[in-house]
Amino acid sequence: MFGIASARRRTTVRAAATALAIGALATVAPSTAVAEEARPEKTDRVIYWNRVLLDAFRQVGGHPGPLTRGGAMLNTALYDVANSISGAGKPYLTDVPEARWRHGSLNSGLDYAAYTALEGAYPQLDFSDELNTALSLPDAGNQTQKDFGKQLGTKVGNAIIAARANDGSNDTTPYVPVDAPGYWRPTTPGAAPAGANWGKVKPWALQSGSQFRPGPPLGFDSMEKLLASDAYAAQVDEVRRLGGATSTERTADQTEIARFWANDADGTYKPVGQQYEHAIIIQQKLRPNDTSYQTSRLFALLSIGLADAAISIWDSKYTTNLWRPETAIKLADTDYTDKTVADPNWKPLSSTPAGVHFSPSFPTYSSGHSGIAAAWAGILRAYYGTDKISFTGTTDDPQAVGVKRSFTSLTQAAQEKADSRLYAGVHFRMDNEAALAQGYRLAEYVYANALK
């Protein structure tokens, strides 16, 4: 699997990552341990193709929006194939009743749906090797059944591509900055605002990107009132003390937490990929023998939740336009309170393996890591009917190689991921708290309304 193909017009998915990092982030290659996770297994095709998805994330990098969009395209296509054959539930987009009596090959249908959807989501990549590997795995169907499965999967995949063709994901409307205290500006000179229009992308289950937009930071209805408040000064002081590169108050465990959950650098599976990886770990622990219909429904619900979380959070970010802690601390002499003290040399813990400290290139409120983690936890606890799921999670971050962390509940894992951004120095506590509430509300809505 993932061998090097002959010369092609696009990048093979398992080729070494070469894309330039966004802003100050360095590109890193996935660790050997992670690469081995993607090997062919005697397992459900849904798991196989979601591991392929993680390698695509490592290739394309960037902010969560396009990654979650690709994940939702993949997993809604897989679900619609499995649902067409089983007839067990409501389709996301496409139902092919003929599949229920033609007895087409389920595996073939899943393989071609995944291949088609991923090719549409990431046209710069080539998934031919992954398709060929999947088709070489055991399949009980005869050739006629496989041929029908191919037709079914291709039809479903193309329907997803067509449905997302004009979803706003290619909106390049220029970002117009506000030159005033409190408003976001790049912390890395020349860095472009990432995902400035992603909050306007067509949702997958929500009514709009603003549906679960949190209230203004700390409840203040103007930037000046926020920056003049004692509550804001306390938020700035907390992240200054705990999130700085040279902090003496952050514990060793808090530093490990910050790095375990980061996955900021291109070349990793990114924060979104970590949620997929942990979902796979949990699914394989709890229900490894589920049918493809059951597994595809889980990952379709999860993917819809994560994709809508990215849209919702980016709507919040570019509506509020609040500056990052790094800027707030360095320019504290320009805010509206004398309870913050400017430190032009302050840097966040968050850094590349080369030692370059950075803050992500988009506004801070609300937190992407936190909201996506809450959406993940909310969907999984609704699906499994309990929050108390113990698991040991892994990471792709190059500064936490081999680190594993164990959790006794989904909520605990999401809370730790939210806290990690404070320890990394890239988010205020208010960013994380707002995003957790946002993600949980969103997940409840998605689970209640999608794929019934």
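Biologist: How many of the 16 residues of α5 are buried?

Modeller: This is a predicted model. In α5, 14 of the 16 residues are buried, so the helix is largely enclosed by the rest of the structure.

Next, a pair of helices. The axes of α3 (residues 64-86) and α7 (residues 143-163) come within 9 Å and cross at roughly 135°. Because an angle counts as roughly antiparallel over 145 degrees and as roughly perpendicular from 65 to 115, α3 and α7 are oblique to each other. Their crossing is right-handed. On the α3 side the contact is made by Met73, Thr76, Ala77, Asp80, Val81, Ser84 and Ile85, and on the α7 side by Leu152, Gly153, Val156, Gly157, Ile160 and Ile161. By class, eight residues of this contact are nonpolar, four are polar and one is charged. An α-helix has 3.6 residues a turn, so residues three or four places apart point the same way.

Some loop residues remain. Leucine 218, in the loop between α7 and α8, has a positive phi near 60° although it is not glycine; at 36% relative accessibility it counts as partly exposed. Asparagine 321, in the loop between α12 and α13, also has a positive phi near 60°, but this asparagine is buried, with a relative accessible area of 12%. A cis peptide bond joins tyrosine 365 and serine 366, with omega about 5°; serine 366 lies in the loop between α13 and α14.

Conventions
Residues numbered from 1 in each chain as written. Predicted model: local features only at pLDDT ≥ 70, side-chain atom pairs only at ≥ 80, totals over all residues. Heavy atoms only, no water. Buried < 20%, exposed > 50% of the residue type's maximum accessible area, 1.4 Å probe, protein only. Helix = DSSP H or I, 4+ residues; strand = E, 2+ residues; numbered from the N terminus. Axes fitted to C-alpha atoms, helices over the stretch in contact; angles between N-to-C directions. Parallel < 35°, antiparallel > 145°, perpendicular 65-115°, else oblique. Left-handed = near helix turned anticlockwise from the far one by under 90°. Contact = heavy atoms within 4.5 Å. Nonpolar A, V, L, I, M, F, W, Y, C, P; charged D, E, K, R; others polar.
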